[in-house]
Amino acid sequence: MAELTLDTLIQNIQSADDTARAAARDGAGPVGAAAVLPLAKIAAGGELEIARAANRAIQNIVYYAGRPGAEDEAKAVAAELLKLLGDSQPLQLRRDVLWMTWQIAGEEAVEPVAALLANEDLREDARMALE
């Protein structure tokens, strides 16, 4: 399969075809930071299997950007993840994003994650991310 573009990734992640959706999910890594927010929108409001695939695609982007030698990509992806910690996102997505953030982010994430210690629903997730 050819490398995915952002448009193809978003189209295929929403496909009714399980094979196309799985290929998009599994190949999302190289698409990078530009895909994080569009995928999060799908993860927050899509049909269950499509939302799940979008969430996993974001995870694959995090894994890809976290590879050795990709520090600039990691910073770009972390910056996009931090945008998803606000109250406008569903609770479960915010929990997932906290988990992804601790895998890839550096000190730039400390303040926004620490602010979530005041949120009763996210306090433990934020504490674990900070540790």
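1. Start with helices α1 and α2. In this predicted model, α1 covers residues 6–13 and α2 covers residues 18–26, and their axes come within 8 Å and cross at roughly 135°. That angle makes α1 oblique to α2, since only angles over 145 degrees count as roughly antiparallel. The crossing of α1 and α2 is left-handed.

2. Who touches whom here? On the α1 side you'll find Leu9, Asn12 and Ile13, and they meet Ala20, Arg21, Ala24 and Arg25 of α2. Sorted by class, that α1–α2 contact has 4 nonpolar, 1 polar and 2 charged residues.

3. Stay with α1 for a moment. Which of its residues are buried? Leu9, Ile10, Asn12 and Ile13 are. Leu9, Asn12 and Ile13 also belong to the contact with α2. The packing partners of the buried α1 residues are α2, α3 and α4.

4. Now go to α3, residues 36–45, where Val36, Leu39, Ala40, Ile42 and Ala43 are buried. If you look down the axis of α3, these buried residues fall within an arc of 160°, so they line one face of the helix.

5. What covers the buried residues of α3? The cover includes α1, α4 (48–65), α5 (71–82) and α6 (91–104).

6. As for handedness, α3 passes α4 in a left-handed crossing.

7. The residues behind that α3–α4 contact are Val36, Leu39, Ala40, Ile42 and Ala43 from α3, plus Ile50, Ala51, Ala54, Asn55, Ala57, Ile58 and Ile61 from α4. By class they divide into 11 nonpolar, 1 polar and no charged. On the α3 side, Val36, Leu39, Ala40, Ile42 and Ala43 are buried as well.

8. Is Asn55 buried or exposed? Its relative accessibility is 8%, so Asn55 counts as buried. Setting aside neighbours within four places in sequence, Asn55 is in contact with Ala43, Leu93, Asp96 and Met100. Ala43 is one of the buried residues of α3.

9. Next comes Arg94, which is found in helix α6. Why does Arg94 count as buried? Because its relative accessibility is 5%, and the cut-off for buried is under 20%. Leaving out neighbours within four places in sequence, the contacts of Arg94 are Leu84, Leu85, Gly86, Asp87, Gln89, Leu116, Asn119 and Leu122.

10. Finish at α7, residues 110–115, where you'll find Ala115. With a relative accessible area of 53%, Ala115 is exposed. How far apart are Ala115 and Ala126 in space? From C-alpha to C-alpha they are 8.5 Å apart, while in sequence they are separated by 11 residues.

Technical notes
Residues are numbered from 1 along each chain as its sequence is written. This is a predicted model: local features need pLDDT of at least 70, side-chain atom pairs count only at pLDDT 80 or more; totals for chains, interfaces and linings use all residues. Side-chain values use heavy atoms; hydrogens and water are left out. Axes are lines fitted to C-alpha atoms, for helices over the stretch in contact, and angles run from 0 to 180 degrees between N-to-C directions. Helices (H or I, at least four residues) and strands (E, at least two) are DSSP runs, numbered from the N terminus. Angles under 35 degrees count as roughly parallel, over 145 as roughly antiparallel, 65 to 115 as roughly perpendicular and the rest as oblique. A crossing is left-handed if the near helix is turned anticlockwise from the far one by less than a right angle, and right-handed if clockwise. Contact means heavy atoms within 4.5 Å. Ala, Val, Leu, Ile, Met, Phe, Trp, Tyr, Cys and Pro count as nonpolar, Asp, Glu, Lys and Arg as charged, and the others, Gly among them, as polar. Buried means under 20% relative accessible area, exposed over 50%, partly exposed in between (1.4 Å probe, protein chains only). The arc is that of the directions from the helix axis to the C-beta atoms.
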